Amino acid sequence: AGSLAPSSAETLAGRVGEATDDKGAIVPQCNDSTLKRYHAIGRVCGLALTNSCTLGLPFAHYFLRLVLCEPPTTVGELQEELRREDSNFLGRPEFLEQTLSQQGVAEMLHFSRRPTLPMQDVPLAADPEANVTDSNKHLFLHRALEHQLVRSVEQQAKAFRDGVEEVT
């Protein structure tokens, strides 16, 4: 598994699903110092690339896809990216193939996601308390994984890419 991936402590960015507040779409911004660090790391990696130097740092595959402007978009792609990094049950095909009751999670999932840090739920729908059901679990899965693997790291990936492009 890759390790050069933004932590949830640094990220909570992008609009997810239908989540809005009184100001419109929920789009928290990454702070400037974090983006400057990703830009600087991008510059270092860009210089290493142009000089055929190996840094020995593993990258999270989904992060590299964002750097290359090729984010995972389908549920299948998102699940595959999650499986590369984590053994989370949302990455397993059984999540969609079996009923929520068969998996022992009926009435336990809601349209929200809790990143590691900050310990604050991220709404994945206008009503984040809505139960995930067998009929809407595909939508939930897409929104949850899109937030985790795309929206929460896209600002950092852009800063990193800008750093690479600045020196290549």
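Buried here means under 20% relative accessible area, exposed means over 50%, and partly exposed is what lies in between. The views below come from a predicted model, which holds 10 salt bridges.

**View A. Arginine 151 pairs with glutamate 146 in a salt bridge.** The closest N and O atoms of these two residues sit 2.9 Å apart. Glutamate 146 has 16% relative accessibility, so this residue counts as buried.

**View B. Five residues are linked into one salt-bridge network.** Arg65, Glu77, Glu80, Glu81 and Arg84 are joined through salt bridges that share partners. View C picks out one pair of residues from this group.

**View C. Arginine 84 meets glutamate 81 in a salt bridge.** Their side chains come together at 3.9 Å, N to O; the cut-off for a salt bridge is within 4 Å. Both residues belong to helix α3, which covers residues 75-85. They are 3 residues apart there, so about one helical turn separates them. Is glutamate 81 buried or exposed? At 1% relative accessibility, glutamate 81 counts as buried. Arginine 84, with 39%, is partly exposed.

**View D. Arginine 114 and aspartate 121 form a salt bridge through their side chains.** Here the N to O distance is 2.7 Å. Arginine 114 has 48% relative accessibility and counts as partly exposed. Aspartate 121, at 36%, is partly exposed too.

Conventions
Residues are numbered from 1 along each chain as its sequence is written. This is a predicted model: local features need pLDDT of at least 70, side-chain atom pairs count only at pLDDT 80 or more; totals for chains, interfaces and linings use all residues. Side-chain values use heavy atoms; hydrogens and water are left out. Helices (H or I, at least four residues) and strands (E, at least two) are DSSP runs, numbered from the N terminus. Buried means under 20% relative accessible area, exposed over 50%, partly exposed in between (1.4 Å probe, protein chains only).
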